[in-house]
Amino acid sequence: MARIAIGGFQHETNTFAPAPADYAAFEAGGGWPGVQYGAAIFAAVEGANIPAAGAIAALRASGHELVGTAWAAASPSAQVTADAFERIADGLTKNLQKAGPLDGVYLDLHGAMVAERFDDGEGEILRRVRAAVGPRVPIAASLDLHANVTRAMVAQADALVAYRTYPHVDMAETGARAARLLDQMLRSGGRVAGAFHTLDYLTGIPSQCSFIEPCKSLYAELTRLEERGVVLSFTPGFPMADFAECGMAVLGYGFHEKQVVAAVERLRGAVADAEKDFVLELHEAPEAVRRARRRGEPGAPVVLADTQDNPGAGGNGDTTGLLRALVEQKAQDAVFGMLIDAASASRAHEAGQGATLDFSLGGLSNVKGDAPFAAAFTVERLGDGRFTCTGPMFKGFRMTLGPMALLRSRAAPGVRVVLASRKCQAADQEMFRHLGVEPRKSRILALKSSVHFRADFEPMAKEVLVVKSPGPALADPAEFKWTKLRKGVRLRPLGPVQA
Ligand SMILES: [Zn+2]
């Protein structure tokens, strides 16, 4: 039996997004449990598809004694404020020091955090954790598939293990995989060898989905290469964080260095070869709605992914381009959600069910090319935003999205809008059922999500179209104005090179 510290600090930072992540954002959690310290971590994550939950269960099953330190996550957004970073990192390191002698550390990290004072957030977190526990205590961390893995992260941790699915249905499983590697190190008394390579092109997040090519084949190849006793990761990265080391990487760990190096090199080659297959097909909103109107039917809706305003990639979920196209074309049996607009949700609650009034929906973030959508809507249903998710990715997540409302357009009565007060991406059917909408019965589902929706919505969908309407989470990384990215990186597959 060993004494192992458990901690976590997750943030995915879109440095081009409109709002930073302050301490209140980590208290709210954005769908995740709010910030926790000490033993409170265990109850907060238990039973959910959260990396720490999987790690805790695996380590307990191996008979280890666990010590909670700090765990926090927030919705993706712009930089983590200096205040939030210091308070949470302090909680983590102080509780590590208070814990007394430790044999190991497990950390639940995202891997794409940019803090106001540290471009490489996780590199700094791992540096402080290493300084707190010393060089002899093994540190294993799980990472999101959208991690931008850096040299500092690799240098400070003994092992880094990333998700293999996007939608992330394997978050808890990945925590358990990192925990098993830690357990093996503790049992053997040895440390693992590692290998790490970055790639020299960026890919938009909609094309990183592991249900579709090329990631489907790349993750299958990763598993095949692992049969030689190595734990591998491929992180396509989060191409919205403007810092030097943003991008894709492959890495691996194992007790036999030669095998690790060979497997990681083969995986690197496979990802390099797949560059042309990452080229993404995007649709303008009017064209996508036209096609969805022709092809969507109850029982087999067409799903439109409003990817550029995905709250899971730093959007605030308040742009209206796709809604405008649905109303202009008078779409039938169409639902648009979730639009994050607390003021409009509160107005709907004040007016009450059945009331018809003029709304000015969304358009709150001053995103280029976007504006509020002013029109009359009828309040069809109200909700308190409290429900538990049931889909494959967010299963067990207890949502608290604030006042919610279902509105029906007066000019286009076939179009309904799901409003929520706190931001969260539309990746679980319960977000609609909470207001009495059964997604399957629609002809068109317009979702503020890039890929995570696919876990719960794609099985019923006739087809999925990725739509390019205004938002801060650009689907094509070449459209961002990069200022800190290292030279020589192609800004999209086969695309222009960063000078
Ligand atoms: Zn992710």
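Is N366 buried or exposed? I looked it up: N366 is exposed, with a relative accessible area of 71%. For the term I took buried as under 20% relative accessible area, exposed as over 50%, and partly exposed as in between, with a 1.4 Å probe and protein chains only.

**Entry: ground rules**

I am working on a predicted model, where local features need pLDDT of at least 70, side-chain atom pairs count only at pLDDT 80 or more, and totals for chains, interfaces and linings use all residues. Residues are numbered from 1 along each chain as its sequence is written, and side-chain values use heavy atoms, with hydrogens and water left out.

I stayed with N366. Its phi is near 50°, a positive value in a residue other than glycine. I placed N366 in the loop between β12 (356-361) and β13 (373-383). For such elements I used DSSP runs numbered from the N terminus: helices are H or I with at least four residues, strands are E with at least two.

I found K330 in the loop between α11 (321-328) and β11. K330 is partly exposed, at a relative accessible area of 48%.

Then I turned to cis peptide bonds. One joins E213 and P214, with omega about 5°. P214 sits in the loop between β7 (193-198) and α8 (215-226). Another cis bond joins G337 and M338, with omega about -15°. M338 belongs to strand β11, residues 334-340.

**Entry: the zinc ion**

Which residues coordinate the zinc ion? I noted D144 through OD, H146 through ND1 and H168 through NE2, at 2.1 Å. Donors here are N, O and S atoms within 2.8 Å of the metal (3.2 Å for Na, K and Ca); water is not among the atoms, so sites may look incomplete. The donor spacing in sequence reads D-x1-H-x21-H. H146 and H168 link distant parts of the chain, 22 residues apart. H146 is in the loop between β5 (139-143) and α6 (151-156), while H168 is in the loop between β6 (159-162) and α7 (171-188). Both H146 and H168 are buried.

**Entry: cysteines**

How many disulfides does the rule give? I counted zero. The rule asks for a pair of cysteine sulfur atoms within 2.5 Å. I checked C215: its sulfur is 7.9 Å from the closest cysteine sulfur, in C209, so it is too far for a bond. C215 is buried, at a relative accessible area of 0%. I checked C246 as well: its closest cysteine sulfur, in C215, is 15 Å away, so that is also too far for a bond. C246 is buried, at 0% relative accessibility.

**Entry: cavity**

I set the search on a 1 Å grid over the protein atoms alone: a cavity is a set of points where a 1.4 Å probe fits but cannot get out, a pocket is an open set with protein on both sides within 12 Å along at least five of seven lines, and lining residues have an atom within 4 Å of a point. Grid points are joined across faces, edges and corners, and a volume is the space filled by probe spheres set on the points.

I got one cavity of 30 Å³ or more. The largest cavity holds about 310 Å³ of space. It is lined by 29 residues, with W32, P76, G312, Q425 and H452 the closest to its centre. By class I list 14 nonpolar, 12 polar and three charged residues in that lining. Nonpolar covers Ala, Val, Leu, Ile, Met, Phe, Trp, Tyr, Cys and Pro, charged covers Asp, Glu, Lys and Arg, and the others, Gly among them, are polar.

The largest pocket has a volume of about 510 Å³. I found 29 residues lining it, with A25, A28, G29, G30 and S75 nearest its centre. Two or more lining residues come from each of α1 (23-28), α2 (40-45) and β15 (398-400). The largest share, three residues, comes from β15. The lining of the largest pocket divides into 16 nonpolar, nine polar and four charged residues.

The second largest pocket takes about 330 Å³. Its lining includes F16, Q308, K368 and F480.
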